[in-house]
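Hi there,

Here is the structure I promised to pass on. Have a look at it first, and then read my notes below.

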Amino acid sequence: MPKVEIRNEENIVLARHEIRNLADELGFSIINKTRLATAVSELSRNTLVHGQGGQMVFQALREEDRVGIQCTFSDEGPGIENVDEAMQEGFSTARSLGQGLPGTRRLVDDFAITSEPGKGTTVEITKWQ
Ligand SMILES: Nc1ncnc2c1ncn2[C@@H]1O[C@H](COP(=O)(O)OP(=O)(O)OP(=O)(O)O)[C@@H](O)[C@H]1O
Ligand SMILES: [Mg+2]
């Protein structure tokens, strides 16, 4: 599976770029491509800022009657104490807006987050065209 290391700001731009290209290849609409690219930006920024860096792996999903993209962000950072709380609008430990996770969930079709304090965080998203 293709992988993008997320260690700096440029890597976030690259992650977004890779996903936009794949979305174009698969014939995503502009609106769905933009939704997914926004989600990728938010999650890769969380990986960098909160997770102390990590990676994104991604793949095209090709089924008989639909195509999609799945992206998995993982890090070995501090993890999240309370995932339900982190998913609330406005919750942030960084004095930021706290919109990233709840906003991202609304932009994609599938959203799964697992986190273990002291071990790290994984977020998997899927967007179908
Ligand atoms: N990969 C991660 N590792 C550790 N903690 C995380 C991770 N991703 C999110 N969090 C925690 O969840 C909180 C909520 O994340 P969210 O993206 O919604 O808000 P934010 O990043 O603080 O602000 P915004 O994204 O609006 O600028 C973060 O403040 C942080 O405490
Ligand atoms: Mg965020």
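A term to start with: a nonpolar core is a set of buried Ala, Val, Leu, Ile, Met, Phe, Trp, Tyr and Cys residues joined through C-beta atoms within 7 Å. Buried means that 20 or more other C-beta atoms lie within 10 Å of a residue's own, with C-beta atoms placed from the backbone (exposed is 12 or fewer, partly exposed in between).

This is a predicted model, in which local features need pLDDT of at least 70 and side-chain atom pairs count only at pLDDT 80 or more, while totals for chains, interfaces and linings use all residues. Residues are numbered from 1 along each chain as its sequence is written, and chains are lettered from A and ligands numbered from 1 in the order in which they are written.

The largest nonpolar core holds 20 residues, and Ala-15, Ile-19, Leu-36, Val-40 and Cys-71 touch the most other members. At least two residues each come from strands E1 (3–6), E3 (67–75) and E5 (120–128) and from helices H1 (9–25) and H2 (30–49). H2 is the top contributor, with 6 residues. Helices (H or I, at least four residues) and strands (E, at least two) are DSSP runs, numbered from the N terminus.

Cys-71 is in contact (C-beta atoms, placed from the backbone, within 7 Å) with Ile-19, Val-40, Met-56, Phe-58 and Ile-125, leaving aside neighbours within four places in sequence.

As for the whole protein chain, 4 helices and 5 strands follow the pattern β-α-α-β-β-α-α-β-β. Of its 129 residues, 30% count as buried.

Happy browsing!

Definitions and conventions:
Contact = placed C-beta atoms within 7 Å.
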